[in-house]
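Reader: Hello! I would like a close look at a single part of this model, followed by its surroundings. Could you take me through it step by step?

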Amino acid sequence: MNLESHLREKRSAGRRLLVPYITGGINDDWLATIEEVAARGADAIEIGIPFSDPIMDGPVIQAASQQALLRGATPHGVVAELSALDIDVPLVVMTYYNPVHHFGHVRFAEALASAGVDGAIVPDLPVDEIHEWAEAASNAGIETVLLAAPTTTDERLATICERSHGFVYGIALLGVTGERDSVSSEALQMGTRLKNATDKPVLLGLGISNPKQAREASGAADGVIVGSALVRRLLEGASPTEAGDFVASLRAGLDEGR
């Protein structure tokens, strides 16, 4: 499935986009959780590959990665298990560059494609150094999503938007992932800057935790990515159905007043 075409089609229909994040291997039911979330309103799903030094991630995602690693999750295993899914929304893997380098660019890209993955986010691989990976990914049919931060200059923002495929990931605030009490002004400014710079789908992530925040943030962009708020529930033992209920509440918030 083509990630960008799928999101563009949903956006054209007037839909505010929702991309939940789930840590691969977090529990025995993680694949069932993906299926449930897909059925309850997700437009794409981001799968985090557990990593021992997740520099972009806050305490909740770090704890989820640690739990998955202790359960024996590996990058190869997580990717391979994704091939068992039969869902009608695109999958986007989020991983740090170390596992990509260890796999090898071509081998990793081909493994993702074989597992039915449509896109990849590699947050510690800057746009200046992305060529080798991006070429291997493109040849395998994997769209590479790039991130833009509030501190990104206008010139660099234009380069990121040009090189990003699938969507552009707007970092809503400076810092690591985690739930926040409100949507920051930085988030709204980031969404506006990106929307002025590109016609590709623009999604805001980091700190978006509930339906009200999702609706507010999506007003400045095309949609949102929600990670820590969902992963925290999984760490607390939420079932696939309960995770789906939370995603359905986000969907309802995004649809409200549309």
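In which strand does glutamate 46 lie?

Author: Glutamate 46 lies in strand E2, which spans residues 45-48. Please keep in mind that this is a predicted model. Glutamate 46 has a relative accessible area of 3%. Buried means under 20%, so glutamate 46 counts as buried.

Its surroundings come next. Leaving out residues up to four places away in sequence, glutamate 46 touches Val19, Pro20, Tyr21 and Ile22, and also Val92, Met94, Ile121, Tyr169 and Ile225. Some of the strands around here come up again with helix H1: strand E1 covers 17-23, strand E3 covers 91-94 and strand E4 covers 119-121, and these are among the elements that cover the buried residues of H1. Strand E5 (143-148) is also part of that cover.

Now to H1 itself. This helix runs over residues 3-12, and its buried residues are Leu3, Glu4, His6 and Leu7. Seen down the helix axis, these buried residues fall within an arc of 160°, so they line one face of H1. Glu9 and Ser12 are exposed on the other side of H1.

Strands E4 and E5 lead on to another helix, H7, because the buried residues of H7 pack against both of them, as well as against helix H5 (97-103), helix H6 (105-114) and helix H8 (154-163). In H7, the buried residues are Trp133, Ala134, Ala136 and Ala137. They cover an arc of only 165° around the axis, which puts them on the same side of H7. On the other side of H7 you will find the exposed residues His131, Glu132, Ser138 and Asn139.

Alanine 137 sits in H7, which spans residues 131-139, and its relative accessibility is 0%, so alanine 137 counts as buried. Setting aside neighbours within four places in sequence, alanine 137 is in contact with Ala109, Ile142 and Thr144. For a sense of distance, the C-alpha atoms of alanine 137 and proline 50 are separated by 20 Å, and these two residues are 87 residues apart along the chain. Just after H7, glycine 141 takes a positive phi of about 85°.

Helix H8, one of the packing partners of H7, has the buried residues Leu157, Ile160 and Cys161. Their arc around the axis is only 95°, which puts them on the same side of H8. The face of H8 turned away from that buried side carries Glu155 and Glu162, both exposed.

Finally, here is the setting for these parts. The protein chain has 12 helices and eight strands. Of its 258 residues, 55% count as buried. A compact globule with 258 residues would have a radius of gyration near 18 Å, and the protein chain has 16 Å, which agrees. Its C-alpha atoms fill a box of roughly 40 × 40 × 30 Å along the principal axes. Among contacts in the protein chain with a separation of 6 or more, 75% involve residues 24 or more positions apart. The protein chain exposes about 10500 Å², and carbon and sulfur atoms supply 46% of that area. As for charges, the protein chain has 20 positive and 35 negative ones, and their mean positions are 6 Å apart.

Technical notes: Residues are numbered from 1 along each chain as its sequence is written. This is a predicted model: local features need pLDDT of at least 70, side-chain atom pairs count only at pLDDT 80 or more; totals for chains, interfaces and linings use all residues. Side-chain values use heavy atoms; hydrogens and water are left out. Helices (H or I, at least four residues) and strands (E, at least two) are DSSP runs, numbered from the N terminus. The radius of gyration is taken over C-alpha atoms; the globule rule is 2.2 Å times the number of residues to the power 0.38. Buried means under 20% relative accessible area, exposed over 50%, partly exposed in between (1.4 Å probe, protein chains only). Contact means heavy atoms within 4.5 Å. Accessible areas come from the Shrake-Rupley method with a 1.4 Å probe; for residues, only the protein chains shown count as cover. Lys and Arg count as positive and Asp and Glu as negative; His and the chain ends are not counted. The place of a charge is taken as NZ of Lys, CZ of Arg, CG of Asp or CD of Glu. The arc is that of the directions from the helix axis to the C-beta atoms.
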